[in-house]
Amino acid sequence: MSNRLGSQTLSFSQGPRLLSSYTIVGPMEGKGPHALDFDEILPDDVLHQKTPEKTERVMLEMAIEKTLQRNDTKIEDIHFLIAGDLLNQITSSAFAASTYTAPFLGIYGACSTFAQAIGLAAILLQGDFAGNVLIGTASHYQTAERQFRYPIELNVQHIGTNHHTVTGAGVALLGFADQGPKVTYATFGKVVDMGLKDAQDMGSAMAPAAFSTIKQHLKDTGRGLEDYDMVLTGDLGKQGRKMLRLLFSKEGFSGLERLQDGGSQIYGDGQKTGAGGSGAACIAVMGLGYGLNMLKSGKAQRILIVATGALLSALTVLQGESIPCVAHAVALEA
Amino acid sequence: MKPQEYQKLVQENSAPRPLLKNVLWAFFVGGLICTIGQVVLNIATKTENTKAEASAVTLAVMILIGTILTAFGVYDELAEKGGAGAAVPITGFANTMTSAAMEFRREGILLGMGAKMFVIAGPVIVFGILSGFIVTLIKVLILKLL
Amino acid sequence: MEYIIAFLVGGAICAIGQLIIDTTKCSNAHLLVGLVCLGAVLSGLGVYEPFQEFAGAGALVPVMGFGSSITKGMLSELERLGWEGLFTGAFEITGLGLAAGIVFSSIWALLRKPHK
């Protein structure tokens, strides 16, 4: 087990890299402050499809096609397609995968799916089980809203801790090459359940999971927050970001200014999205858009992407259960 | 950190809701909808024979208004500001039906729209009838016994 | 004058509802069910009718009026039909609104799609 570091971190000596990626977002995300970081902004969130579920699937397919094109890779050369989304039985990913010949590994980690997929892809590459692995996640405001919350047109007053599911998809191709950001470490997190039950405040519920994974990663690698130019959490939102900083400062960590959060930053202040964005696509488009751009432009040499997921369902909320949360981290180096 | 400690920390660090603003908006929006209802009621009182009929017609008109505003995507925006001011009037009740019918129409007319139209309005009708039934029953029994 | 009363009374009921939502763990669903039951009970006690005389639409339009209409319908049908009225009465007054809601909602569901 020479590839293990400490108790939870995996290190990838073979140096699997992100060969190419593509990010697609809906019109609302396209009006946010990170619009320039995304590869494509859709004119509408329908795309001539009959249902939003179909739109979600089409976005994932579009991103897959473009990612392959960018690296001049044929789908026949893909050894695994790892994908996930928020819908029951991850149907968007399954339907998208059904149009391709690559073996499909469907995974669910709610909004943490993206980092889980990168970590698994790196394991397959490191273990010489694959040469090219495609990973992707997608989510859509309307599909998540109708599955987890209410009809779109219902009279609901959103509160400050509510999240707005990001409409979009992010896909990346991992393999071996001479250039591209390297995946150096992955730390898969434990499920953390602090007994919080308020599905209207998922940020507070997820923050301890992010804290646990980041803290473990730093311990395993012997690094500090300062060793990363940016630690980008997935979708803690404004409330969750606040709680994460509190948890770090309570334990005397320094370098808190390195903490950034995809969910809090994807929308502008005037966009009335409560705590910010969430959804499987949130960290995918922010990580592959904003994060990779930081690496490419040289503004950052080393970033840690921490995708956070709230593992609840509409049923468990009604049954009064708490919200189990998980976070996975992957370290990328230019 | 123990779960209880963290829960306390969350409570201490949660921003309170803008209570005054919310309540004032609810008052204004709710009041406005009821004023429109009064206009309809006054007209209905002239055209209908009994008070009960006038009330029923008013409710039907308000429900129509609620469904129209929902269909054109106005009512959810109104609720974003008005909160309970949009939810409590009968127009809000109509909104729950129309929004659910529109939302689940994609799963078919029968099992989508038909089955799920009352997914949110259902409890209001069920408990309205149950409480009405119990109250009426008690009232009748007491009157009989006296 | 009756418009001002409708505005004030209707607004006050909604404002109290908002206060309950914001300060307790009640959701919209809890609030609406609570108000409907309250309306039904107040009507049974004979309180809601004079209140509605005074407030007009301010008492009729909030969902409490729906609850009160259920009880009112049951009481009047009870007098007319006997015990069957306990069952037929629920929709005596509210039936018009409910049927209207079903018809209009179905039409709009066929014509319009939810959008953001």
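User: Where is A:Thr73 found?

Analyst: In this predicted model, A:Thr73 sits in the loop that links α1 (52-70) to β5 (80-85) of chain A.

User: Why is A:Thr73 called buried?

Analyst: Its relative accessible area is 14%. Buried requires a value under 20%. A:Thr73 falls under that limit, so it is called buried.

User: What makes A:Thr73 and A:Asn71 a polar contact?

Analyst: Their side chains are joined at 3.1 Å. The limit for a pair of N or O atoms is 3.5 Å. The pair is within that limit, so it qualifies.

User: Which residues touch A:Thr73, leaving aside its neighbours within four places in sequence?

Analyst: A:Leu68, A:Ile78, A:Asn132 and A:Leu173. Being in contact here takes heavy atoms within 4.5 Å.

User: What are the domains of chain A?

Analyst: Domain 1 covers 4-175 and domain 2 covers 182-333. These bounds come from an automatic or database domain assignment. The C-alpha centres of the two domains are 17 Å apart.

User: What area do domain 1 and domain 2 of chain A bury between them?

Analyst: About 4,600 Å². Carbon and sulfur atoms account for 64% of it. On the domain 1 side, A:Gln8, A:Cys111 and A:His163 lose the most area to domain 2, together 16% of what that side buries. In residues, 60 from domain 1 of chain A are in contact with 58 from domain 2 of chain A.

User: Why quote an interface as an area?

Analyst: The size of an interface is often given as the accessible area lost when the parts come together.

User: How many salt bridges and how many polar contacts join the two domains of chain A?

Analyst: The salt bridge count between domain 1 and domain 2 of chain A is 0. Polar contact is found for 22 residue pairs, both residues at pLDDT 80 or more. Several elements of domain 1 of chain A each give at least two residues to the side that touches domain 2, among them β3 (17-25), α3 (113-126), β7 (132-139) and α4 (141-148). The largest share of that side, 8 residues, comes from α3(A). By class, the side divides into 29 nonpolar, 25 polar and 6 charged residues.

User: What makes A:Arg146 and B:Glu103 a salt bridge?

Analyst: Their side chains meet at 2.9 Å, N to O. The rule asks for a Lys or Arg side-chain nitrogen within 4 Å of a carboxyl oxygen of Asp or Glu. Arg supplies the nitrogen, Glu the oxygen, and the distance is within the limit, so the pair qualifies. Across the interface of chain B and chain A, the rule finds 2 salt bridges.

User: Which helices of chain B touch chain A with at least two residues each?

Analyst: Start with the count of polar contacts: 15 residue pairs between chain B and chain A, both residues at pLDDT 80 or more. The helices are α1 (3-12), α4 (75-82), α5 (84-87) and α6 (90-104) of chain B. α6(B) gives the most to this side, with 8 residues. By class, this side of chain B has 13 nonpolar, 12 polar and 8 charged residues.

User: How many residues make the contact of chain B with chain A, and what area is buried?

Analyst: Chain B gives 33 residues and chain A gives 28. The buried area is about 2,600 Å², with 56% from carbon and sulfur atoms.

User: What do chain B and chain C bury between them?

Analyst: About 5,700 Å², of which 78% is on carbon and sulfur atoms. Here 68 residues of chain B are in contact with 67 of chain C.

User: Why does the pair B:Lys51 and C:Glu53 count as a salt bridge?

Analyst: The closest N and O atoms are 2.8 Å apart. The cut-off is 4 Å. Between chain B and chain C the count is 2 salt bridges. Polar contact is found for 13 residue pairs across this interface, both residues at pLDDT 80 or more. Helices of chain B that each supply at least two residues to this side include α2 (19-47), α3 (51-71) and α8 (122-145). α2(B) gives the most, with 17 residues. The class totals for this side of chain B are 43 nonpolar, 19 polar and 6 charged.

User: How many helices and how many strands does chain C have?

Analyst: Chain C has 7 helices and 0 strands. Its pattern along the sequence is α-α-α-α-α-α-α. Of its 116 residues, 52% count as buried.

Definitions and conventions. Residues numbered from 1 in each chain as written. Chains lettered and ligands numbered in written order. Predicted model: local features only at pLDDT ≥ 70, side-chain atom pairs only at ≥ 80, totals over all residues. Heavy atoms only, no water. Buried area = accessible area lost by both parts, 1.4 Å probe. Polar contact = N/O pair within 3.5 Å; in protein donor to acceptor, adjacent residues only side chain to side chain. Helix = DSSP H or I, 4+ residues; strand = E, 2+ residues; numbered from the N terminus. Nonpolar A, V, L, I, M, F, W, Y, C, P; charged D, E, K, R; others polar. Buried < 20%, exposed > 50% of the residue type's maximum accessible area, 1.4 Å probe, protein only.
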